[in-house]
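I opened this notebook to keep track of what I looked up in one structure. The entries are in the order in which I made them.

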Amino acid sequence: MIEIRFHGRGGQGAVTSAELLALAAIWEGKYAQAFPSFGPERRGAPVVAFCRISDEPIKIRANIYEPDIVVVLDASLLKIVNVAAGLKSDGIIVTTSKNSPEKVKESLKIKNRIGVVDAGKIALEVLGLPITNTTMLGSVVKASGLIKKESIIPPFKERFGRIAEKNITAFERAYQETVIIQ
Amino acid sequence: MAKRVGMEVSIAAAEAVRQANVDVISAYPITPQTHIVEHLSEIVANGEMDAEFFCVESEHSALSVCVGAAATGARAFTCTSSQGLALMSEITYIASGLRLPMLMIISNRTLSAPLSIWNDHSDTMSIRDCGWIQFFVENGQEVYDHVFVSYRLGEDRNVLFPVIINMDGFILSHVIEPIELIEQEKIDQFLPPYQPLHRLHPDRPVTMGAFALPGIFAEAKKAQEEALRSSMPKITETWKAFGDMTGRYYHPVETHKAEDADTLLVTMGSCSETASVAVDKMRQEGRSVGLVKIRLWRPFPFDELKKAALHAKQLVVIDRAISVGACGPVASEVKAALYGYDQRPSVYNFVAGISGRDVTPSDFIKMVDKAEIEIEEGNKEGYEIYGVRE
């Protein structure tokens with residue numbers, strides 16, 4: 001079982017991101033679970049969302065404390081939230097940032113593998129909005145190989161209808177542009 | 001072929017209501033039940049479901065609409081949470097006293113005060129004695145499945161009771177997971193249209209909800225009590241028929257590695273799944289621990305619980321509600337079920353996970369550790385609220 005924690009700000013779509021990843025995994029025939037950090041919605045405040053993916057039925061119904069993958073949708077969170085909290089020693093951090101992966105890794109003081117992409121820039125260019133949730137999924141899939149790249153298409157189409165194509169493009173660009181360092 | 005799709009559990013619940021050909025829906029939105037009502041109101045408005053959706057000004061009215069609708073012979077549905085259920089409570093006793101089948105899904109949430117929107121069982125425990133058949137479910141598939149089970153069971157002429165499905169708010173209601181949707185033809189076969197025994201109709205007048213003098217009230221209440229108790233064979237029969245159709249069999253009390261266990265965790269609702277993960281871990285370490293899960297809360301399955309638990313040395317009963325001034329309501333029932341036996345396990349009761357506080361597999365292991373030590377030291381009937389900072 002792979003456990004993923006998403007960090008975002010209220011309104012940025014961290015929950016949607018976790019949900020789409022779970023839906024893609026279920027679409028592949030896997031088992032998956034996605035859920036928000038339950039509570040009132042708080043626009044702009046740091047929020048987390050969770051996703052589990054497994055080949056076996058998932059029995060656990062509790063938050064994720066020791067994730068295999070951490071996804072950060074907003075670079076400003078890297079300074080104010082301990083995004084690496086509980087991350088497994090062989091876990092990965094995937095984040096948006098304008099900085100190089102080396103610089104981000106150094107600032108986080110971690111030894112883990114890290115994947116970095118400027119998702120904000122891609123989202124602005126492709127979607128016209130600084131909403132990085134679908135873009136960052138391209139980065140997650142590239143860094144983790146959790147699901148097949150094309151499995152994201154059906155959930156994107158169902159969730160976004162006619163604007164699905166743009167989101168698929170943003171996803172694809174992040175997949176190509178993500179830089180991963182050990 | 002049944003279709004396996006990823007969806008939010010609340011949406012799966014609403015889809016089941018659509019597939020169950022419900023005639024009347026009346027509900028008032030309240031967190032965390034909201035997604036069920038929103039989805040139903042949308043599919044009714046889109047003409048995807050031939051039902052009347054009654055917008056009401058309160059939960060009291062929502063359940064009153066369902067009572068009126070069921071009295072005319074309609075298949076009725078409502079759902080609520082927490083304060084909404086508290087506001088309905090007056091009418092819950094009327095629905096069961098009039099023997100009107102209907103379904104209510106409770107997306108379980110804490111009762112105020114302090115004000116909290118998170119999950120526990122205090123809402124449903126406040127109407128424990130209302131005379132409905134009451135189920136608890138562990139996951140989204142079970143919510144979906146029990147919608148069909150509930151209508152077929154409640155509408156059976158040997159039953160005629162309203163039914164509650166308790167699903168944990170947020171922990172289930174807001175989770176996306178795989179759900180196997182059943183083909184409509186199969187559902188139509190399993191759940192034929194409701195044929196009421198009596199109904200309100202101008203051409204054939206009947207009285208429902210008449211005044212009862214002391215000379216007849218106790219007899220009426222005894223009839224209701226006996227009818228609810230004797231619905232047990234129909235409950236298991238309905239589950240059997242559902243299992244034969246889907247391969248998913250349900251039982252009043254279910255177990256996991258319990259047969260030879262010295263210590264048994266006893267749980268109800270979604271925490272049963274997490275507890276099973278803890279049991280597997282403890283088994284790997286060679287510990288003699290198993291799990292007993294209560295699915296049917298009313299009528300309480302005294303015999304089934306005894307069969308599942310009497311052999312153990314100790315039970316660690318987890319309650320997600322407090323009967324303030326007593327103990328956890330599940331523990332009270334478990335103790336009552338076992339009291340008549342000389343050789344019976346000790347019962348250690350934890351209240352855990354109230355107001356949505358996370359209960360992890362390691363929390364269950366810690367509770368088992370603590371209970372085993374306390375019982376060893378002679379505190380055989382302990383009761384505590386787990387994990388409270390003091």
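**Entry: confidence**

I noted at the start that this is a predicted model. I looked up its overall scores and found ipTM 0.95 and pTM 0.97. For chain B the mean pLDDT is 97, and 100% of the residues reach 70 or more.

In what order do the 7 strands of the open sheet run? I read the order as β3-β2-β4-β5-β7-β6-β12 in chain B, with mixed pairing. From one strand to the next, the twist averages 20 degrees.

Strand β4 of chain B, residues 76-80, and strand β5 of chain B, residues 103-108, are parallel and share 4 bridges. In this pair I located Thr78(B), which stands opposite Met104(B) in β5(B).

Next I checked what packs on the sheet. Helix α6 of chain B (residues 140-155) does, and it touches β5, β6 (133-136) and β7 (163-168) of chain B. The direction of helix α6 makes about 165 degrees with that of β7(B).

**Entry: the sheet of 6 strands**

I found an open sheet of 6 strands in chain B, ordered β9-β11-β10-β13-β14-β15, and its pairing is mixed. Its edge strands are β9 (253-256) and β15 (383-385) of chain B, which pair on one side only. Here the twist averages 20 degrees from one strand to the next.

In which sense do β10 and β13 of chain B pair? I found them parallel over 4 bridges, with β10 spanning residues 263-267 and β13 spanning residues 314-319. Thr263(B) stands opposite Gln314(B) in β13(B).

I listed two helices that pack on this sheet. Helix α11 of chain B (residues 302-309) touches β9, β10, β11 (289-294) and β13 of chain B, and its direction makes about 15 degrees with that of β9(B). Helix α13 of chain B (residues 361-376) touches β10, β11, β13 and β14 (346-351) of chain B. The angle between the directions of α13 and β13(B) is about 135 degrees.

**Entry: cis peptide bonds**

I looked up two cis bonds. One joins Thr31(B) and Pro32(B), with omega about 0 degrees. Pro32(B) sits in the loop between β2 (24-27) and α2 (34-45) of chain B. The other runs from Arg298(B) to Pro299(B), where omega is near -5 degrees. I placed Pro299(B) in the loop between β12 and α11 of chain B.

**Entry: positive phi**

I then turned to residues other than glycine with a positive phi. Ser82(B) has phi near 45 degrees and belongs to helix α4 (residues 82-97) of chain B. Is Ser82(B) buried or exposed? I counted Ser82(B) as buried, because it has 30 C-beta neighbours inside 10 Å.

Arg99(B) has a positive phi of about 55 degrees and is not a glycine either. I found Arg99(B) in the loop between α4 and β5 of chain B. With 20 other C-beta atoms within 10 Å, Arg99(B) is buried, since the cut-off is 20 or more.

Key: Residues are numbered from 1 along each chain as its sequence is written. Chains are lettered from A and ligands numbered from 1 in the order in which they are written. This is a predicted model: local features need pLDDT of at least 70, side-chain atom pairs count only at pLDDT 80 or more; totals for chains, interfaces and linings use all residues. Two strands pair if DSSP finds at least two bridges between them. Axes are lines fitted to C-alpha atoms, for helices over the stretch in contact, and angles run from 0 to 180 degrees between N-to-C directions. Two residues are in contact if their C-beta atoms, placed from the backbone, lie within 7 Å. A residue is buried if 20 or more other C-beta atoms lie within 10 Å of its own, exposed if 12 or fewer, and partly exposed in between; C-beta atoms are placed from the backbone. pLDDT is the predictor's confidence in each residue, from 0 to 100.
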